[in-house]
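Please read the points below alongside the sequence and the coordinates. They go from the overall fold to single residues.

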Amino acid sequence: VDGTIFKSSLAEKVVDACVDAKVFPSEPFNQVYANKRRWQISNNEGLYQVYMHRLVDTFVNQIAGVEVDRFSQVTTSMLEQHIVRKFGFPRKLMQSLRATHYLLAISASPDILVEPFVQDLGVEASYGSRFEVQDGRFTGQADSVGDKAAILRRLVDESVAIQAGSVAMGDTFGDIPMLEYAANPVMFNASKTLTNYGSEFGWIRVNEVKDQITALQWNGDAGLYVECS
């Protein structure tokens with residue numbers, strides 16, 4: 001979802017909203033934002049992963065004891081502001097597959113954000129990190145969404161979906177197992193490491209910048225991606 005459907009990160013936006021609303025104190029996130037600045041300066045995927053892991057870890061720590069109703073208030077307002085910030089290509093792709101495919105969204109972001117964010121896309125199931133609740137408050141215990149490819153394999157094993165004709169879309173190196181499992185992997189606005197890996201197998205790459213959508217295929221002779229004819 002993050003970076004493929006949403007033009008940002010749900011986890012990042014909910015942290016910003018919770019800090020602004022004083023649901024979370026700002027101090028624990030100072031190092032997180034320092035990591036973000038280092039990534040923005042270098043534009044290095046490794047530093048981005050460090051930043052996101054630190055962000056999620058701090059989010060999990062701070063959510064302990066927060067009232068579910070208060071959190072829902074803040075996140076509902078945040079989602080209303082960002083619900084339209086979806087890339088055009090994924091929306092068109094999902095619309096074209098809706099009649100023939102089982103559509104699902106998988107994200108490391110909290111499931112309580114993922115589900116409402118994708119509900120207008122005809123998604124039949126969504127998966128995200130799950131947060132334990134007791135007596136109306138979050139406990140701080142969380143279960144990661146885990147291996148995205150494992151979710152796909154389980155759905156196939158349970159005869160919910162089939163692998164033949166399947167399509168998967170990802171943007172970072174961590175999506176490789178999921179893309180490898182799908183019959184038709186699509187790299188969308190892909191990082192350099194994912195692009196380099198996918199080029200070995202001729203995976204399609206799609207770039208979307210503003211209102212321009214460009215599909216690229218690997219040209220082995222030229223050693224680069226060229227626009228699909």
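1. The protein contains nine helices and eight strands; helices (H or I, at least four residues) and strands (E, at least two) are DSSP runs, numbered from the N terminus. This is a predicted model, in which local features need pLDDT of at least 70 and side-chain atom pairs count only at pLDDT 80 or more, while totals for chains, interfaces and linings use all residues. Residues are numbered from 1 along each chain as its sequence is written, and side-chain values use heavy atoms, with hydrogens and water left out.

2. Overall dimensions. The C-alpha trace spans about 55 × 45 × 30 Å along its principal axes.

3. Surface and burial. The protein has an accessible surface of about 12,300 Å², and carbon and sulfur atoms account for 48% of that surface; the areas come from the Shrake-Rupley method with a 1.4 Å probe, and for residues only the protein chains shown count as cover. Of the 229 residues, 43% are buried (buried means under 20% relative accessible area, exposed over 50%, partly exposed in between; 1.4 Å probe, protein chains only).

4. Contacts. Among contacts between residues at least 6 apart in sequence, 50% join residues at least 24 apart. Contact here means heavy atoms within 4.5 Å.

5. Strands S1 and S2. Five of the seven residues of S1 (residues 104-110) are buried. S1 pairs with S2 (residues 125-134) in the parallel sense over four bridges, where pairing needs at least two DSSP bridges between the strands. Pro110 has Ser129 in S2 as its bridge partner. Between S1 and S2 the chain passes through helix H6 (residues 111-118), and this β-α-β crossover is right-handed: with the strands pointing away from the viewer, the path from the first strand over the helix to the second runs clockwise.

6. Ala149. This residue lies in helix H7 (residues 148-157). Ala149 counts as buried because its relative accessibility is 1%. Beyond its neighbours within four places in sequence, Ala149 is in contact with Pro177 and Met178. The C-alpha atoms of Ala149 and Met178 are separated by 4.2 Å, although the two residues are 29 apart along the chain.

7. Cysteines. How many disulfides does the structure hold? The number is zero, a disulfide being a pair of cysteine sulfur atoms within 2.5 Å. Cys18 is buried, at 0% relative accessible area, whereas Cys228 is partly exposed, at 28%.
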